[in-house]
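Good morning, everyone, and thank you for making the time. Please have a look at the sequence and the model on the screen, and then I will walk you through a few places in it.

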Amino acid sequence: MKKSLYTLSLLIVPVFLIAQANEVSPPDFIKTITFKSNTTQGQLPILKLGEQLQLEFDALTGDEEDFYYVIEHFNFDWTPSTLVKSEYLKGLDNQRILTYENSFNTYQIYSHYDLRIPNLQTRGLLKSGNYMISIYDDYDELMFSRKFMIYEDLVNVGARVKRSRDVKAIAEKQSVDIVISTKRINFNNPLETIKTAIIQNNNLNTAITDLKPQYTLGNELIYRYDTESAFWGGNEYIFFENKDVRAANVGVQFIDLKELYHNYLYTNISRKDRPYTYNPDINGNFQITAIDRSNVDVEADYTIIHFSLLHDEFKDKDVHIYGNFNAFAIEDFTKMQYNSESGRYECILRLKQGFYNYKHVAVDKSTKELDEGAISGNFWQTENNYKVLVYYRDLGARFDRLIGYGDASSVNISN
């Protein structure tokens, strides 16, 4: 009997060990992963059901390698959904990316890949919800993966940004109030069937998820939390633009031509203890631009960007370059090295010509906890973008539908 119970427990336990899916960062030779579905900026793709998905990236080997794509559907919490592929995908995936071009008139040789869905093999995505697209090479090795979302426009999502209601953090945090309303769906037991995600500046790493509605007024669900929906305000992103590699541009102090063009940015300083200054940015995103180039996809060149930060050395923290150029990932190549002779943190990145937002963040060496305000500071006045996603799983349903999407800016923040 004991052996039977032990065997049964082995069969049951794995059900509870299903892990959340995480994005996989690419190897060094794959750069500039960009979704261009409904924007020219590189940012988090949230598409309406039926809209075209467009993913682009560069392979710096210049060997015209073959890459293949696989698409998977996920639940609200990024665990795999129980849907079979034919239920959410019309056609086939695990197909070769057929559209690519080689770079033209650039110092850095690369091949530019362009995947669009629908296409001849993959004719469309049929369900709303969370998705992940994974790119494999000829040897079936995973190169990278990226998350995206598809929503149905079934509910109205109102979002408003307010100063934190927590007196201790009123000068540093922003809170998001939500109102969800609809006449097209009858909310059955909304505490169980409705789930939400609030995303600040396209960064899934800091998203606040699964808040429950506090009030129900008729066909409206209302979320007005004091602390649970509050984000650190952060500070405006620093930026540079090198659309002309032959001359210093915005944020670039001077240039040098070696094997590639080297751009040396102005040295940044800590802004934590300085007064807040409004400085328009694109909230951590990036956009590929190149002057006098008709097709920036293959004519924009890669440059070596030299970052520097004037700051005393942290004993228990590492400093990283942070932005959506690599989906806000903390990686070895984003780590800045402290130069004791100059008293500066320094880092070198290979980036395609364009307009980039970035900031310096501190990461605890032992806990790996990220502190976005340790160097840049946190201010309630900071202009941030917030996206609100509303998921719905009716009683007895097999997957989480993404039924609404709204966004708000803290430009008009109120008390």
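Predicted model: local features only at pLDDT ≥ 70, side-chain atom pairs only at ≥ 80, totals over all residues.

Let me begin with a pair of strands: β2 and strand β11, residues 142-151, pair in the parallel sense over 3 bridges, and one of the residues involved is K48, whose bridge partner in β11 is Y151. A word on terms here: strands are DSSP runs of E with at least two residues, helices are runs of H or I with at least four residues, and both are numbered from the N terminus, while two strands are said to pair if DSSP finds at least two bridges between them.

Residues are numbered from 1 along each chain as its sequence is written, and side-chain values use heavy atoms, with hydrogens and water left out.

Now, the pair I started with belongs to an open sheet of 5 strands, in the order β2-β11-β10-β4-β6, with mixed pairing. At its edges stand β2 (46-48) and β6 (95-96), and each has a single partner strand, so one side of each is left without a neighbour in the sheet.

There is also an open sheet of 4 strands, with the order β15-β14-β30-β31 and antiparallel pairing. Its edge strands are β15 (203-209) and β31 (401-409), each of which pairs on one side only. Within this sheet, neighbouring strands are turned by 25° against each other on average, direction ignored, where the axes are lines fitted to C-alpha atoms and angles run from 0 to 180 degrees between N-to-C directions.

Let me turn to the backbone. Most residues other than glycine have a negative phi, and most peptide bonds are trans. Against that background, a cis peptide bond joins I117 and P118, with omega about 10°, and P118 lies in the loop between β8 (111-117) and β9 (122-125).

Where do we find N105? N105 sits in the loop between β7 (100-102) and β8, and has a positive phi of about 60° although it is not a glycine. N105 is exposed, with a relative accessible area of 62%, exposed meaning over 50% with a 1.4 Å probe and protein chains only, buried under 20%, and partly exposed in between.
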